[in-house]
Amino acid sequence: MQNVVATAVPAPPRRRRRLAALAAGVAAAGLIASLAVTFTGSAQAAAGIPLVNPATGQCLDVAGAATAAGTAVGVHRCHGGGNQDWEYVESQLRVYEATPMCLDVPNASREPGVALIIWNCHGGANQRWRLEADGSIRGVQSGLCLAASGAVARTATCDGSAAQRWTRSNGADTQPPTPPSGLRTSGLTCTSVTLSWSASTDDVGVAGYDIYHDGQFMLSVGGTALSTPLTLTPGARWGVYVNARDAAGNVSQASETLDLQVPQCQNDTEPPTAPAGLAAAASGTSVTLTWRAASDNVGVVGYDVFRDGTKVGSVAGTVTTLTDSGLAANIRYSYHVVARDAAGNASPRSDTVQVTTGASCGNPVCAVRQVATDTDIPWGLVTLPDGAILYGRRDAHDIVRLDPGTGAKSTVGTIANIQGTDGEGGLMGLAISPTFATDRWLYAMHTSPSDNRIVRIKVTTANRLDAASLQVLVTGIPRNKYHNGGRLRWGPDNKLYAATGDGQNTGLPQNTASLAGKILRINPDGSVPADNPFGNHVWSYGHRNPQGIAFDSQGRLWEQEFGNSVMDETNLIVRGGNYGWPACEGTSGNCNQAGFIAPKYTYSTASASCSGLTVVRDAVYIACARGARMYRAVISGSSLTNVTQYFNGTYGRLRTVEPAPDGGLWLTTTNTGDKDSTANNSNERILHVQLGS
């Protein structure tokens with residue numbers, strides 16, 4: 001991925017070709033017979049249409065939305081992007097209206113099995129295609145048919161199979177399918193299961209189904225399929241669900257979640273051996289522990305660390321060290337370690353080691369104090385001018401005022417029209433106006449029954465929400481079970497910035513007309529700033545599910561983003577920047593495209609999956625859920641250096657990190673009930689973290 005920024009200027013109005021007719025000869029099943037092209041003098045929304053392969057439910061697609069000659073052509077989930085819009089012009093299949101490229105048989109080969117590419121249009125016979133009445137697309141030079149072969153588009157001997165047939169979508173369809181329903185499984189083993197569901201309905205037709213677990217994409221199947229085998233991880237517990245998709249790229253809301261407990265592959269009752277050689281060294285108020293690996297008949301999957309008999313941390317895999325931070329000064333602590341295997345067998349405890357902390361902190365992270373607990377998920381959190389905290393309860397949809405000195409709490413009120421998503425939607429980010437002391441505006445991002453939106457409401461001097469003052473500022477941000485983004489942050493330019501997820505529709509992050517998969521920049525009254533790059537609220541694009549944003553001392557915006565299953569990323573956001581999703585996940589994928597901006601740091605999803613980010617004294621602090629830890633990184637120029645982990649498993653999953661008035665941090669947990677929309681089924685903490693100098 002290149003560390004460059006493409007000049008982000010809205011395209012001027014121009015003459016666009018428009019598909020005026022899909023001519024006679026189309027079979028009853030909707031297969032293509034012919035495409036006629038006319039021209040119009042008025043600007044139109046799009047020139048081409050997706051071509052859908054009914055065998056896969058996927059669309060003919062230029063890999064990674066790249067425009068370079070020689071880029072591979074295949075099939076991919078339909079999303080309505082420009083790299084899936086094809087025109088039939090002078091017997092050529094053209095993509096990209098501004099600089100057309102043609103579907104090309106490399107080297108004018110007449111052999112079957114050749115992978116197709118795009119190339120500069122030249123009118124040669126290897127770029128000319130004939131659209132047959134049965135829905136096949138036949139090469140004029142070779143007589144071979146365009147076929148979906150796995151994810152690749154190839155030439156093949158014409159045989160009339162579904163892999164060689166193509167249907168059309170005219171792009172005018174804006175209505176998504178209904179959610180799939182009736183999820184059920186059969187044939188469960190430790191490595192596989194068959195998942196089935198009841199069909200969705202759509203005004204045009206369902207093109208495919210996308211299967212996820214816990215927000216991570218697994219696979220796609222065609223629109224006629226109502227079951228599929230899944231590959232499982234032994235011992236895993238997954239929340240599985242399905243989205244439906246039509247050929248125009250509209251994605252349904254998700255099905256219900258099916259809780260899937262995967263058995264182990266063998267009845268393992270033998271525990272690991274005890275870890276040996278435990279040693280401890282104090283540095284200020286932090287203690288670093290090391291030990292030798294345990295052994296197991298199957299395999300050790302991690303270690304739990306206990307301080308004075310209470311579990312305070314854990315590490316996964318082959319890691320045999322942990323730093324326990326935020327301890328009291330001049331205190332003697334006792335530690336032991338236990339190994340675990342995949343079946344949950346715990347080893348005997350290691351020998352005990354004792355260590356005394358230093359007389360003062362001397363570390364970047366010092367003491368930790370529990371301020372409060374809650375039965376719901378604390379998500380958005382802000383500090384008021386008087387030092388009190390306002391935080392939102394994601395699934396309960398109300399806002400609480402907390403006195404961090406006494407722990408006393410009171411309900412401020414509930415914002416109307418919030419609806420959960422049976423996943424990670426609900427009441428999300430909060431921000432107070434920079435002039436809150438005089439105008440009393442509280443800003444919130446939340447999920448409604450139809451979308452994600454940004455609102456503001458006044459907090460009275462009696463610390464109650466004034467329901468009559470509610471103003472809806474931004475609507476139309478796509479929502480789904482997961483990938484809703486949600487963080488809000490004021491910039492030094494007195495603009496409100498908001499992080500939005502892709503709504504589980506990978507066609508939206510690269511579409512600058514959509515508000516999904518973006519960082520938005522908003523005037524305090526909700527209007528569009530005149531200097532935004534695309535004439536709407538979009539500030540940067542190509543994001544999957546960003547949930548952490550904060551500014552450094554130079555006024556630069558840092559962002560934390562969930563990846564799918566490979567890596568998460570920390571980005572430095574610039575005006576009009578393209579951060580690569582879905583072609584690129586972190587530095588994995590088709591990342592070497594002009595204009596893509598590389599992340600400043602990446603993490604494996606298992607050790608990160610981070611939600612919150614803040615900056616204090618030009619150090620970035622990142623709160624991680626699946627990784628159950630906090631990262632600290634020092635900003636040096638435009639890089640992140642001295643990346644260090646804290647609280648690795650000490651408090652479990654972490655959701656939000658925000659600056660505290662004393663120069664420390666507020667830190668919240670998200671351990672239970674954070675993957676549903678059920679109120680008050682959690683047991684969470686709000687912590688204060690004292691930072692060193």
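Let's start with a pair of strands: E30 and E31 (residues 389-393) run antiparallel to each other and are joined over 4 bridges. Strands here (E, at least two residues) and helices (H or I, at least four) are DSSP runs, numbered from the N terminus, and two strands pair if DSSP finds at least two bridges between them. Keep in mind that you're looking at a predicted model, where local features need pLDDT of at least 70, side-chain atom pairs count only at pLDDT 80 or more, and totals for chains, interfaces and linings use all residues. Residues are numbered from 1 along each chain as its sequence is written, and side-chain values use heavy atoms, with hydrogens and water left out.

Back to the pair. Leu-381 sits opposite Tyr-391 in E31. E30 and E31 make a hairpin with 5 residues between them, and Gly-387 in the turn has a positive phi of about 95°. Strand E30 (residues 378-383) is mostly covered, with 5 of its 6 residues buried; buried means under 20% relative accessible area, exposed over 50%, and partly exposed in between, using a 1.4 Å probe and protein chains only.

Now for a sheet. In general, strands of a sheet pair through backbone hydrogen bonds, either parallel or antiparallel. Look for the open sheet of 3 strands in the order E22-E23-E26, with antiparallel pairing. Strand E22 (276-283) and strand E26 (321-324) are at the edges with a single partner strand each, so one side of each has no neighbour in the sheet. Strand E23 (residues 286-292) and E26 pair over 4 bridges, and Val-287 has Asp-324 in E26 as its bridge partner.

Another open sheet has 4 strands in the order E34-E35-E36-E37, again paired antiparallel. Its edge strands are E34 (427-432) and E37 (465-477), each pairing on one side only. E34 and E35 run antiparallel and are joined by 4 bridges, with Ala-431 partnered by Tyr-443 in E35.

Finally, zoom in on Arg-440, in the loop between helix H1 (436-439) and strand E35 (441-447). What is the nearest side chain of opposite charge to Arg-440? That's Asp-386, 7.0 Å away, and the buried Arg-440 has no salt bridge (a side-chain nitrogen of Lys or Arg within 4 Å of a carboxyl oxygen of Asp or Glu). The side chain of Arg-440 does reach the backbone oxygen of Val-459, at 2.8 Å. Leaving aside neighbours within four places in sequence, Arg-440 is in contact (heavy atoms within 4.5 Å) with residues including Thr-435, Ile-457 and Asn-463.

Notes: Lys and Arg count as positive and Asp and Glu as negative; His and the chain ends are not counted. A polar contact is a pair of N or O atoms within 3.5 Å; within protein, one must be able to donate a hydrogen and the other to accept it, and residues adjacent in sequence count only if both atoms are side-chain atoms.
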